[in-house]
Structure formats: structure tokens, C-alpha cells
Amino acid sequence: MMISQLIAIAKKDIQDALRTRTIFIMTGFLLVASMVSIAVTHTAMGGRLPSDYSVLEAMRGFVEHLEIIGSALAILLGYRSAANERGHNTLALVMTRPIRQRVFLAGKVFASVVLICGCLTVVFVSISVEIMVLTGVGLSTLEVAKLAIGFASTGLYMTAFFLLGFLFALHLKHLSHALLTAFSIWLVFVLIAPQIGDTLDPDNQAVGGLFSQLSVPHAQEVEIMNKLGTYEVIRTGIEQLSPSKHFERLTFALWGIKGSYIGMPLSELLSAKIIDILWLLGYVLGLGGVLFKRQVNFTGD
Amino acid sequence: MSELAIQTKDISMSYGDHVALDQLTLNIEYGEVFGFLGHNGAGKTTTVNILTTLLKPTHGKAWVCGFDVVSDSLNARRQIGYVPENVHLYEAMTAQENLRFLGQLSGVEDLQKTIDETLELLDCKDLANRRVGTFSKGQRQRIGLAQAILHRPKVLFLDEPASGLDPMGMKMLRDLIVKLNAELKMTIFMNTHLIGEVAKTCTSIGVLNQGKLVHKDTLKNVMDRFGDDETLERLYLSLNTQKVA
């Protein structure tokens, strides 16, 4: 009974997203932005994509689009999923049926994960084809595997933001406050925190690296940085709070955008990035935990 | 099976300092059509929200068909159908799609047959494949009733069902209530302001004032005592203007 209820709710939500074309608009937007970014990278490099190591290097702009546009679209998807029920007062209609709150919520989350995966499948397949067409180089098995892991990471990253939008739209008294609050958090964690992390890095204060520009020997650099221990803890702490930074670190490593990971065996690369994977998982599990733990007000009183 | 369709014992509901419902004790037997009268804000909708498991009372206990609405809410929900004051359905879906979805959540067996029978019973088969967003108030009310009785509940809760209906719509609704009570043996709990409707459809009434039950009796006793529905209106008005201690 619980499984059939979960499927009924998920099916209804997916049909609704298809009927209102929400998912098509979301996919189209992300697809156009991603394809343009790949084409621009290819043109900027004088048609010399890929580098010697990986065709996936062309995906730097794509990662940034996923980070910013992908997370914003996921918030909208989450907001819409809850706001539709609250706005039309259909929560009470559903919750006078013999259904548990957690089954109802699981059905809605499941539907949105399916929609996010559908959207990402179209985007990832399209940009893979675009890269192959532009470069004239096919993707190796390893590159396909790296793309698949990147796909899963993107799904996880977007699910975290979906849960954020969904949670606020489900629990805040006023729906307009829900969207505003979710986007304020998005602004802090997607745009501000990663920038603070970067701009406050002492070595980033001069082009090419401050210590290198000042010809500071490495031992002295370490000594200076040790004196800035507390400062560095705060700076990296701010950076660590951002799911976008973890997503970026993981995908930059996976797709060879960060040079030091090029040529590294996949298992070794994943071990090196396990902290970022755990952070992304932690966001989803944490927000999911709050979602399933909190009692929903079904009457709107 | 419990002898009472609905039972509440000292249920109260407070929102901060505001007491919406004050120690309500109510017993309603199977087969009754109970009219719950009271002015706006008297606590009628809060009572229905508690009995339909949507709200947890801040004090007291309530049972539907013997099932505690808080600790055994899933079983309580299996016994009830609910039509809110403004019928809320999925606007983009057709009537049939709405009924199919809600029927699946209720675990209705042989769903298509049950949907057809229900639409037939409510005389609205012609609405099946139309989008709910295009319906008039009366048509929405019918589909609202259809979704509420799809799983053949023992108790049907109607919150101000005649609100906003034209005279034809009100007559149709009255006939349906009588039909559901007579043919499907449903106990009906109806919140309303409309004395005339109560006099024509209910078997017992309760009057709520400032969250307190100030009168409860069978309609027959009230009519024997007061004569006609005009006098019933005077009784209602006098009970509602009294200050509750």
C-alpha cells in the first residue's frame, strides 16, 4: 500500500511538471547555457580542444552553470512542488487519506529526483555529443565513467537545493517568504561563501600568487601561513560551508579541469575527493532528515 | 465496532492565547445527519479539522468509529470522507484523474468501476473527462463529494457545503446528503450556518458558541419544542448571542 501510494504521488507530480512544461523550460534553460559555454570555450581556445589529456577540460564553464543555474532551478522546482499543494489547499485533501506524512513527502521527493535526473540526462548527453562533434574526438570509457560520476554528483548537488526550496515552501507561513529565504541562502552559499574563500586567500592577492611574486622562499611561506593559522581555519571554514565549492572541487578534479588531477587513476581521484563527496551527501541527508522529521501543518492555520 | 460514529471528550484547541475550541464533548451515533451550527469563528472548522486528523487538539481525545484521531490516525482516516468549505482539487487534472489519484491513495479496489459508480450516483458522469479548473462551484461540489465517498467511508464530514451555491445547487446538495445517508448508510457531520438546510436534512443538531457546545438535541425534539424552522432560527440566534461563561 505504501509503495503504491508513493508511486501514485510521484506519478501525479511528474505528470504535472510535464503538463505545465516546467521541466521542459528548466531543461531548455540549462541546456542552452551549457551548450553555449562549451562552444565558447572551444572558440576561445582557437578550436584546439581538447588538451593533451582530457576532452572534458572544456567543461569548466559547464560546471559553473550547474553550480549557479542548476542550483537556482532546483530551488524553484522544490518551491513549486510544495507551493502547488499549499496554494491550492490540496494538502488537506491528500492528508485525510490513509497515508503517512513520510510517504507523501517521499513521493514528492522521488518525483523531483526523477525530474532532475531526466533534465540532467538530456543536458549531459547533449554536451557529450557537442564535445565529440566540436573536437572530433570520441569519449573513452574512462571519460564516460567520469561523466557518469559527475552526473551523479550533479544530481546530489541539485537535490540538496531542491530540498532547501521544498522545505521552506512547506513550512514557512508565507510562501513569498519561502522563496525569498531559500534564495537568500542560495546567495550566501553559492555566490558569496566560495568568493570569500577565494578572495581572502593570502596567496590570491596578486596575479600568479603573492608569495611567488614577492619571491618568498617556500619555508618562509609556510612560516607566514602558520602565523595565520586561525585566519586560515575561518577562511577554509567559510569555504567548506558552501556545497558549490565541494561540487566544484569534485567535478574539477573528475573532469581534469584542475591540472593536478589529470592522469590520476579514478579510484585514487575519488579517494582524494571523498571529503567533498561526503559533504554533498551530508547536505542531502541533513536537509532530508529535517524534512522527514518535521510535522507539516496541513490546514495552513 | 464502536457504538458511536464520532466521540469527543473535552477536546480543546488553542492558538496562543486564543481558545478556538473549549472542552468540547460530543457523541454522534451511526446513521445520524448531524448539523453543527455556529457563527464564523465559533470553532466548527477547527472541530472538523481535528476529527479529520488534520489538527491535533491541544487537550482531550476524539475518536471516529472507535479509532483515536491522534494515535490511530491512519485507521481513523480509512473511516472518513471530507469535503472542505472550498473544494480543493488538482486544477490541471480532469475529474477522473483527480478521482483516480485520490482513490489510489485510499487503496480503493476495482478503481475504475468504483469511479464510474460514484459519478453515476452523483449524476455527474458528464464531468469525468473535463478539467477541474473549468468547473462551476456546483460542479466542483459534486466532484468534491465524489472524491470524499469514493472509498465508501462510514463518516462524511462536510464543512459549509452549501456556501456559495445557488438555490438549484443547494437543492441538489440536500438531495445528495439524504441519498448518501439513506443508500450508503453514511453518518454525516455537517458544519453550516443555514438553519433552513439543517431543518430539511439533519436528524440532530449541535450549536457551538465561542468554542463551547451550548446546545445539542435531535431535530425532532427541537422541532417539537419550537414548532418550525423560523423558531429554530430564533433559538440559534439566542444561543449565539449569549455570553459563554
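The legends below describe close-up views of a predicted model.

**View 1. Stacked aromatic pair A:Tyr157 and A:Phe247.**
Over all chains, the structure holds 14 aromatic pairs. In the pair A:Tyr157 and A:Phe247, the ring centres are 4.5 Å apart and the planes lie at 10°, so the pair is stacked, the cut-off being under 30 degrees. The pair links distant parts of the chain, 90 residues apart. A:Tyr157 belongs to helix H6 (residues 141-171) of chain A, and A:Phe247 belongs to helix H11 (residues 243-254) of chain A. A:Tyr157 counts as buried because its relative accessibility is 1%. A:Phe247 is also buried, at 0% relative accessibility.

**View 2. Edge-to-face aromatic pair B:Tyr90 and B:Phe101.**
The rings of B:Tyr90 and B:Phe101 are 5.5 Å apart from centre to centre, with 80° between the planes. B:Tyr90 sits in the loop between strand S6 (80-83) and helix H3 (95-106) of chain B, while B:Phe101 is in helix H3 of chain B. The two residues are eleven residues apart, and the pair links distant parts of the chain. Both B:Tyr90 and B:Phe101 are buried.

**View 3. An aromatic cluster in chain A.**
One aromatic cluster is formed by A:Phe62, A:Phe124, A:Phe151 and A:Trp255.

**View 4. Surroundings of B:Thr114.**
B:Thr114 lies in helix H4 (residues 111-121) of chain B. With a relative accessible area of 11%, B:Thr114 is buried, because the cut-off for buried is under 20%. Leaving aside residues up to four places away in sequence, B:Thr114 touches B:Val108, B:Glu109, B:Leu150 and B:Arg152.

Notes:
Residues numbered from 1 in each chain as written. Chains lettered and ligands numbered in written order. Predicted model: local features only at pLDDT ≥ 70, side-chain atom pairs only at ≥ 80, totals over all residues. Heavy atoms only, no water. Phe/Tyr/Trp six-rings, centres within 6.5 Å; stacked < 30°, edge-to-face > 60°. Helix = DSSP H or I, 4+ residues; strand = E, 2+ residues; numbered from the N terminus. Buried < 20%, exposed > 50% of the residue type's maximum accessible area, 1.4 Å probe, protein only. Contact = heavy atoms within 4.5 Å.
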